[in-house]
Amino acid sequence: MGGRPPYGYRLVDAGPHPNRSFARRGVRLRRLDTDPHTGPIVRWIFAQRLAGHSLARITRALNDVQVPPPSAVDPDRNPHRDGRHWQVPTVRAILANPRYTGRQVWNRRAPTAS
């Protein structure tokens, strides 16, 4: 699994690699697990949206209770962000991310034109 985990998740060890040659070199598998600090925030965002609240209202509520935004939780990978406030596009991106919604499909190919 490459790349960085989405907000609300963390990478954890999943044991030795099933390929013996990789396992001999010490390569280990990693998997996504819910982050104990930021995972509940993602669940809350989805619950609020399901309750019919707007993106702006959810964003205001996060800022009102001073929940640190993703850029403040991991400033090393977000040096271009100020890290002080949640923004509507951030909430929108979380709600649209297929990793959260369970809609991510692997190895799907675009249909070919005949």
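# Briefing on a predicted protein model

The protein exposes about 8500 Å², of which carbon and sulfur atoms supply 50%. The structure is a predicted model. The protein holds six helices and two strands, and along the sequence these follow the pattern β-α-β-α-α-α-α-α. Buried residues account for 26% of the 114 residues in the protein.

## Overall organisation

- Contacts across the sequence can be described by how far apart their partners lie: among contacts between residues at least 6 apart in sequence, 52% join residues at least 24 apart.
- The largest nonpolar core has 13 residues.
- Within this core, the residues that touch the most other members are Tyr7, Ile41, Ile45, Leu62, Trp86, Val91 and Ile94.
- Helices H2, H3 and H5 each supply at least two residues of this core.

## Helix H3 and its surroundings

- Helix H3 spans residues 55–64, and its buried residues are Leu55, Ile58, Thr59 and Leu62.
- Seen down the axis of H3, these buried residues fall within an arc of 100°, so they line one face of the helix.
- The packing partners of the buried residues of H3 are helix H2 (39–50) and helix H5 (88–96).
- Leu62 belongs both to the buried residues of H3 and to the core residues that touch the most other members.

## Helix H5 and its cover

- In H5, the buried residues are Val91, Ile94 and Leu95.
- These residues cover an arc of only 95° around the axis, which puts them on the same side of H5.
- The cover over the buried residues of H5 includes H2, H3 and helix H6 (98–101).
- Val91 and Ile94, which are buried in H5, are also among the residues of the largest nonpolar core that touch the most other members.

- The phi of Gln66 is positive, at about 60°, although Gln66 is not a glycine.
- Gln66 is exposed, with a relative accessible area of 69%.

## The aromatic pair

- The structure holds one aromatic pair.
- Its members are Tyr7 and Trp86, arranged edge-to-face with 5.6 Å from centre to centre and 80° between the planes.
- Tyr7 lies in the segment before strand E1 (9–16), whereas Trp86 lies in the loop between helix H4 (70–73) and H5, so the pair ties together parts that are 79 residues apart in sequence.
- Both Tyr7 and Trp86 are buried.
- Tyr7 and Trp86 are also among the residues of the largest nonpolar core that touch the most other members.

## Salt bridges

- The count of salt bridges comes to three.
- Asp33 is partly exposed, with a relative accessible area of 26%, and Arg10 is partly exposed, with a relative accessible area of 35%.
- A salt bridge also forms between the side chains of Arg28 and Asp13, at 2.7 Å from N to O.
- The pair of Arg28 in strand E2 and Asp13 in strand E1 links distant parts of the chain, 15 residues apart.
- Arg28 counts as partly exposed at 44% relative accessibility, and Asp13 counts as partly exposed at 45%.
- Asp33 forms a salt bridge with Arg31 as well, where the closest N and O atoms are 3.9 Å apart.
- Arg31 counts as partly exposed, at 42% relative accessibility.
- Through salt bridges that share partners, Arg10, Arg31 and Asp33 are joined into one network.

Conventions. Residues numbered from 1 in each chain as written. Predicted model: local features only at pLDDT ≥ 70, side-chain atom pairs only at ≥ 80, totals over all residues. Heavy atoms only, no water. Buried < 20%, exposed > 50% of the residue type's maximum accessible area, 1.4 Å probe, protein only. Helix = DSSP H or I, 4+ residues; strand = E, 2+ residues; numbered from the N terminus. Arc of directions from axis to C-beta. Contact = heavy atoms within 4.5 Å. Phe/Tyr/Trp six-rings, centres within 6.5 Å; stacked < 30°, edge-to-face > 60°. Salt bridge = Lys/Arg side-chain N within 4 Å of Asp/Glu carboxyl O. Areas by Shrake-Rupley, 256 points an atom, 1.4 Å probe, with all protein chains shown as cover. Core = buried A, V, L, I, M, F, W, Y, C linked by side-chain atoms within 4.5 Å.
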